[in-house]
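This report covers helix geometry and helix packing. The sequence and structure come first.

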Amino acid sequence: MSEQEAVLVTGAGRGLGATIAERLAATGYAVLVTDIDADTAELVAQRIRDDGGEAHALRLDVTSEQSCEEAVRYADERLGGLYGVVNNAGIVAATPFVDMTVEQWDAVLTVNARGTFLVCRAAARAMRPRGRGAIVNIASIAGRDGFPKFANYVASKHAVIGLTRTLARELGPDGIRANAVCPGAIKTAMWSAEAQDTDDPDAVFDSIAEGTSLRRNQTSDDIADAVEFLIGPRANSITGQSLIVDSGLIFA
Ligand SMILES: NC(=O)c1ccc[n+]([C@@H]2O[C@H](COP(=O)([O-])OP(=O)(O)OC[C@H]3O[C@@H](n4cnc5c(N)ncnc54)[C@H](O)[C@@H]3O)[C@@H](O)[C@H]2O)c1
């Protein structure tokens, strides 16, 4: 059993989630690296162990109630109790609003909003008896503003921020903090032509950088910096916030 504080990260097999998991392990947490793709989760956990950190890997589909509850139980039983959760798993599927199908709407809302709800609920039930815990939900600037062709994604990320604010109020008396991080654009697998509904995702990515105050997009490490801060003890008085990390693109 681990003597370190345990943190569960969803969607941690690649992209932002992998960087966040690696950062939290380097900071000293025992990390439960989870993803719907068990193989990628295991690769990340192995990388963490190779670097001297503590990590376990587990398949977790955030859309499954049972899968979410099993993952929290795993952290409780095998990693010595759950202290933190980073809800990072998410998908995007851009489509002009008038062409958006019910299936496209439901698919994005189911992973991004329902998935965050299910993991938060399972985690809160485990954290409450201990009287402490920290939740960090990866939202997006799409949770603070509107973006054409992303109605399903924007609605899902507004839901994540609303959920975060409510958890802060409802779970605060139990010593559990809940915050969100709102990244701008980061070049991950999410920036595929299909997911962004564009022939040239690089051009879109570059034009977003041009519109930022700092004339740059973000790196996964920029987001890990924010997560590390919000989950850790230096943020002990911070709850219910959604921290925008976008090089000054939106001020909302
Ligand atoms: N990349 C960006 O520009 C950007 C910007 C703002 C917010 N975000 C948010 O950051 C988070 C991570 O995005 P990313 O860019 O690293 O994306 P990514 O596509 O590289 O990684 C997402 C991960 O989530 C996993 N996943 C998908 N469905 C899942 C499910 N049902 N259960 C568990 N895991 C599942 C995938 O297997 C993958 O490993 C997402 O919530 C995304 O909305 C990303």
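How are α1 and α8 oriented to each other? They are oblique to each other, a class left for angles that are not under 35 degrees (roughly parallel), over 145 (roughly antiparallel) or 65 to 115 (roughly perpendicular).

## Basis

The model is predicted: local features need pLDDT of at least 70, side-chain atom pairs count only at pLDDT 80 or more, and totals for chains, interfaces and linings use all residues. Residues are numbered from 1 along each chain as its sequence is written. Helices are DSSP runs (H or I, at least four residues) numbered from the N terminus.

## α1 and α8

Helix α1 covers residues 15-27 and helix α8 residues 220-231; their axes are 9 Å apart at an angle of about 50°. Axes are lines fitted to C-alpha atoms over the stretch in contact, with angles from 0 to 180 degrees between N-to-C directions. The crossing is right-handed, that is, the near helix is turned clockwise from the far one by less than a right angle.

From α1, G15, L16, T19, I20, R23, L24 and T27 meet S220, D221, I223, A224, V227 and E228 of α8; contact requires C-beta atoms, placed from the backbone, within 7 Å. This contact has 6 nonpolar, 4 polar and 3 charged residues (nonpolar: Ala, Val, Leu, Ile, Met, Phe, Trp, Tyr, Cys and Pro; charged: Asp, Glu, Lys and Arg; polar: the others, Gly among them).

## Helix α4

Helix α4 has 26 residues (102-127) and should span 38 Å at 1.5 Å a residue; the end C-alpha atoms lie 35 Å apart, which agrees. The expected span is 1.5 Å times one less than the number of residues. A kink of about 40° is centred on T110, the bend being the angle between axes fitted to the seven residues ending there and the seven starting there.

## Partners of α4

The axes of α4 and α5 (residues 151-171) come within 8 Å and cross at roughly 15°, which makes the two helices roughly parallel. Residues in this contact include W105 and F117 of α4 and Y153 and L163 of α5. By class, 14 are nonpolar, 5 polar and 1 charged.

Helix α3 (residues 65-78) and α4 cross at roughly 35°, their axes coming within 9 Å. Here E65, C68, E69, V72 and D76 of α3 contact L118, V119, A122, A123 and A126 of α4. This contact has 7 nonpolar, no polar and 3 charged residues.

Conventions: Two residues are in contact if their C-beta atoms, placed from the backbone, lie within 7 Å.
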